[in-house]
Amino acid sequence: MKPKFSVSDLNLFYGNFQALHQINIEIPSNQVTALIGPSGCGKSTFLRTLNRMNDLVDTAKITGNIQLDGENIYSDIDVMKLRTRVGMVFQKPNPFPMSIYDNIAYGPRCQGVKDKQRLNQIVEDSLRGAALWDEVKDRLNKSAMGLSGGQQQRLCIARAIAMEPEVILMDEPTSALDPIATKKVEELMEQLKKKYTIVIVTHSMQQAARISDKTAFFLMGELIEFDDTNKVFTNPQDKRTEDYITGRFG
Amino acid sequence: MKKDMSLNKRRVVLEKFFHGVFLLAALIAVLSVALIIIFIFGKGLAPFFSGNEYGTYSFIDFITGLKWTPQSGEYGVGYMIVNSIFATFGAILVGVPIALFTAVFIAEIAPKWLAGIVRPAIELLAAIPSVLYGVFGFAVITPLVKQFSPYPTGDSLLAVIIVLTIMILPTIVAVVETAIRAVPKSYKEGSLALGASKIQTIFKVTLPAARSGILTGIILGVGRAIGETMAVILVAGNPESGIATTIFSRVRLLTTNIALEQGYAAKLHEQMLFSTAVVLFIFIMIINLVLAQIQKRGGDR
């Protein structure tokens, strides 16, 4: 199967500090790929190279290349278009301080969608897609800030879905949520991977084992191991991977 | 070892003492306001009641009068009220958009080194004494206005508005910039990650999220514009009558009226200046109340 992302010889520097070393990885379509590793290992940094969010950091410099369906995203492309294809959900739920409806409609509106009927449809479909519709359908015009943490995070997922992306990047999406909300988001991911390619950074090994098809282990800015999740967790090829997943460090 | 739990007398007394100090400081502020109000209202309202030792004056004539000629006993501040509104409104109309864009530029768009130059420059602008703005307006702006004016002098509403605009810029910019910086980075990231452009993010997410701070900035700007006296005197022309009919008209404002004549006024004339102060005071209170209401609603949403 053709990979969604194929990354070759990727290096990333923050000023003089090299955060990523020679990353080579092929991320498959319509699967959940988990990125694990201790804090500061570069997994979040790597995730942010996939939709060029690192462009926001002035000092970040990148060499190598990342292809999305065969097109180099670090060539002269429209970054905003890229981000409509590769959506992102953040660690802390970050709904905008506006109504639930406006939160979902925000992305499409920025792309010039004005038709009221179409927006209504997008909002409903996205909220259904994020398993939030039934909980909020009666208060779409209420502020999104009044939702619980778990609802806010699913709203952020719905907001990402509204752009009809091909990929959804998730940066520790459940680390700020309680176990029940976490479970809901995880179940949602199971649904989402039928339509989308998901790349998730997680600190929870159990989570990676539960939800992902592929797991990549990062250490000190290097990709140590990348394989099917059961293989990585039951029969890791590298000693350092084994040490990490068995809890000997990190 | 067990700790000694007996009362420490010195500490208790010290606590009480500082409570007193804080209370006293707070009372001084409240008392000052009360005294000012009593004094101004007492002197300023006296002419409108019968039995005033310097003679009475009709309140209606005072508030609607379009002529201020103490030598002939006419004290009308109606035209000054209108002119004050024109000048303040004009300065806000011109100044707020400029200040908003400046603040956005410094906080969001400018490279660090340029923001590092613009921000201190704006802050310095706020520290310049207002009379220097007046001198600058007198030396530079009125001659400039004269070039375009159909009248023989450059003293005009336009000159007042320009000077006030420059004066309120730093106040509004500083407050708005702080408000913009206080908008959580996660909002911006969320917006950009949805494929919004930088400009869309600023107008649709950052500025709405900062609106409470923006309103505060505007309120402070209005306060500064309406209360400004020294700078305005030097460029306004201060005629004895007349609502501004064009931006080139010479104008007299409530503040300048008081400052110009307080030095030599006596008896009824002096009291009428206090009456002007009462009008100014009420004016500012109304504006503050209205803007505070707007801010409350804006912040609640």
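The sections below take the sheet, then the cavities.

## Model

This is a predicted model.

## Sheet in chain A

Chain A holds an open sheet of four strands, ordered E2-E1-E4-E5. The pairing is antiparallel. Strand E2 (17-28) and strand E5 (71-72) of chain A are the edge strands, and each pairs on one side only.

Strands E1 and E4 are neighbours in the order. Strand E1 of chain A covers residues 3-14, and strand E4 of chain A covers residues 60-68. Eight bridges join the two, which run antiparallel. A:Ser8 has its bridge partner in E4(A): A:Asn65.

## Cavities

How many cavities of 30 Å³ or more are there? The count comes to three. The largest cavity holds about 40 Å³ of space.

## Lining of the largest cavity

Which residues line the largest cavity? From chain A come A:Met88, A:Phe90, A:Cys156, A:Arg159 and A:Ala160. From chain B come B:Gly190, B:Ala193 and B:Leu194.

Two helices each supply at least two residues of this lining: helix H6 (149-161) of chain A and helix H7 (185-193) of chain B. H6(A) gives the most, with three residues. By class, the lining divides into six nonpolar residues, one polar and one charged.

Terms used
Residues numbered from 1 in each chain as written. Chains lettered and ligands numbered in written order. Predicted model: local features only at pLDDT ≥ 70, side-chain atom pairs only at ≥ 80, totals over all residues. Heavy atoms only, no water. Pairing = 2+ DSSP bridges. 1 Å grid on protein atoms, 1.4 Å probe; cavity = no way out; pocket = protein on both sides within 12 Å on 5 of 7 lines; lining within 4 Å. Points joined across faces, edges and corners; volume = space filled by probe spheres on them. Nonpolar A, V, L, I, M, F, W, Y, C, P; charged D, E, K, R; others polar.
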